[in-house]
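Please keep the sequence and the 3D view at hand while reading.

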Amino acid sequence: MTNHSLDAGRTRALLDALVETTVALCSLSTRLSLTALLDRLGAFTRQMLGAEASAVMLLDPGSHYLYWETSSGGESTVRGLTLPVGQGIAGTVALTGEPCIVTDAAHDPRVAHNIDATTGFVTRSILCVPIRVRNTILGVIEALNKQSGPFTAGDQEILELIAAQAGIAIDNTRLYESLDERVRQRTEELAAANARLEQTLQNLRDTQTQLSQAEKMAALGSLVAGIAHEINTPLGAIGSNTDVFNRALRKLEATLGTPEAKNASAPLMAMLAELNENNREACQRVSGIVKNLRAFVRLDEGEWKFADLHEGIESTLTLTAHLARGRIDVVREYGELPQVECRPGPINQVVMNLLVNAFQAIEGRGTVWIRTRSDGDLVRLEVEDSGPGIMPEHLSKVFEAGFTTKRAGVGTGLGLAISQRIVEEHAGRLTIESEPGRGARFAVELPVRRRG
Ligand SMILES: Nc1ncnc2c1ncn2[C@@H]1O[C@H](COP(=O)(O)OP(=O)(O)OP(=O)(O)O)[C@@H](O)[C@H]1O
Ligand SMILES: [Mg+2]
């Protein structure tokens with residue numbers, strides 16, 4: 001029987017294989033499944049044509065050479081081998097697009113014998129057809145060493161059918177791959193654009209926070225300056241009145257003639273004197289608070305200057321005393337500090353926030369330690385409290401603007417975010433150490449001299 005016309009059995013097998021590969025083609029999406037499919041087509045080629053070996057060779061992107069995509073049947077490995085287009089049988093088929101049958105490979109000058117010399121395979125006969133898709137040659141498919149005589153025109157027809165299937169498979173995979181690549185590129189571009197947007201958004205948020213804080217401080221500053229002025233005038237009047245009152249009381253006492261009258265009015269006089277003394281002390285306290293308020297806001301001290309940090313801490317303590325009074329011991333462990341070049345207003349704001357946080361963290365009785373020390377060209381200020389500490393999962397968040405665990409109306413979650421910004425603006429560091437149940441320790445490190 002010849003292969004010129006297919007007998008019923010072979011036709012059936014060929015059709016079955018075509019249906020099978022067509023089904024496989026539909027689910028083809030990766031290079032791995034392409035190799036598996038081409039292997040299957042190779043095995044089928046050998047079986048249908050009674051060939052010893054088969055191979056699928058593809059053209060490189062520049063169409064300069066062929067490389068082996070799969071091969072089967074030969075003992076040797078062809079991985080990594082290439083064949084220039086135009087050379088040997090496969091190279092010629094890839095160039096011309098014409099199928100080729102070689103019946104006596106050993107004596108055929110068109111055969112590239114060097115491949116056999118490299119692989120150790122002995123090629124006796126070859127059937128080679130091009131793999132085409134839409135008139136473009138993608139590579140070739142080869143059947144080698146037909147066991148029962150020479151390859152025929154019928155074998156060629158079968159191999160061309162198989163080559164058509166292989167062509168669609170290769171084409172599909174490449175389409176998927178380029179699609180994948182485009183999707184990957186697009187995803188990367190989108191991710192980059194997204195990152196840029198997030199950065200812009202973050203910058204905007206930061207700017208907004210800074211602006212609103214600056215506005216708040218400016219508004220608070222002028223409010224405080226106004227109130228301080230308003231309070232100072234009547235306070236001055238009350239203060240000098242207590243002196244007048246005191247003198248008047250002494251004179252009144254002197255005018256009382258009889259010892260009886262003196263005795264009778266003595267308790268009244270003592271009470272008036274005591275009330276007057278109370279008033280005088282109250283005046284002094286109010287005037288101290290006003291002085292501290294002005295020192296704290298110090299709009300005039302937005303400028304860089306050398307300042308005494310202890311002074312700032314003390315005035316901040318006076319302002320926050322009502323939060324600690326009667327329940328929190330404030331322990332000062334001050335070291336020797338040089339004058340620090342800073343913007344005193346904002347630095348006081350940092351101290352204020354750390355102290356308020358510490359006082360607010362302690363429920364009931366507790367202790368707050370304020371430590372200072374100088375360390376080379378740095379100064380270090382620590383505020384530690386005996387409160388409940390900070391949960392580990394909150395540690396990285398406390399510096400985020402808007403993060404608060406306090407109820408509405410108590411915290412805005414801006415204090416630490418702003419403090420950190422201020423400290424960074426001073427080329428310093430604001431750090432935190434805390435374990436739940438063991439309090440929290442915030443440390444501010446500032447360079448003694450302005451940097452940058
Ligand atoms: N000493 C501390 N002990 C325990 N938790 C603290 C301490 N200091 C800060 N925190 C936690 O960090 C959060 C953020 O603090 P931050 O000062 O930024 O905002 P806030 O105090 O909540 O509000 P604001 O300062 O705007 O009034 C607090 O809500 C609290 O959960
Ligand atoms: Mg706070």
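A residue is buried under 20% relative accessible area, exposed over 50%, and partly exposed in between. The model shown is predicted.

Arg 110 has a relative accessibility of 44%, so Arg 110 counts as partly exposed. Asp 108 has a relative accessible area of 12%, so Asp 108 is buried. These two residues, Asp 108 and Arg 110, form a salt bridge. Their closest N and O atoms are 2.9 Å apart.

## Salt bridges around Arg 441

The salt-bridge count comes to 24. Which side chains meet Arg 441 in a salt bridge? One is Glu 382, at 3.9 Å from N to O. This pair links distant parts of the chain. Arg 441 lies in strand 13 (residues 440-447), Glu 382 in strand 11 (residues 378-385). The two are 59 residues apart.

Another partner is Glu 433, with an N to O distance of 3.6 Å to Arg 441. Glu 433 is partly exposed, at 46% relative accessibility. Salt bridges with shared partners join Glu 382, Glu 433 and Arg 441 into one network. The network also takes in Glu 333, Arg 371, Arg 380, Glu 384, Arg 429 and Glu 445.

Is Glu 382 buried or exposed? Its relative accessibility is 9%, so Glu 382 counts as buried. Arg 441 has a relative accessible area of 27%, so Arg 441 is partly exposed.

## Packing of helices 8 and 10

Two packed helices are described by the angle and the distance between their axes. Helix 8 spans residues 344-361, and helix 10 spans residues 415-425. Their axes come within 9 Å and cross at roughly 145°. The crossing of helix 8 and helix 10 is left-handed.

On the helix 8 side, the contact is made by Pro 346, Ile 347, Gln 349, Val 350, Asn 353, Leu 354 and Asn 357. Helix 10 contributes Gly 415, Leu 416, Ile 418, Ser 419, Ile 422 and Val 423.

## A nonpolar surface patch

Which residues make the nonpolar surface patch? They are Leu 220, Leu 223, Ile 227, Ile 231 and Val 286. The patch covers about 370 Å². Helix 5 (residues 153-255) gives the most to the patch, with four residues.

Ile 227 is in helix 5. Patch residues need over 30% relative accessible area. Ile 227 has 42%, so Ile 227 is partly exposed.

Notes. Residues numbered from 1 in each chain as written. Chains lettered and ligands numbered in written order. Predicted model: local features only at pLDDT ≥ 70, side-chain atom pairs only at ≥ 80, totals over all residues. Heavy atoms only, no water. Patch = residues over 30% accessible without salt bridge, like charges linked within 9 Å, V, L, I, M, F, W, Y side chains within 5 Å. Areas by Shrake-Rupley, 256 points an atom, 1.4 Å probe, with all protein chains shown as cover. Salt bridge = Lys/Arg side-chain N within 4 Å of Asp/Glu carboxyl O. Buried < 20%, exposed > 50% of the residue type's maximum accessible area, 1.4 Å probe, protein only. Axes fitted to C-alpha atoms, helices over the stretch in contact; angles between N-to-C directions. Left-handed = near helix turned anticlockwise from the far one by under 90°. Contact = heavy atoms within 4.5 Å.
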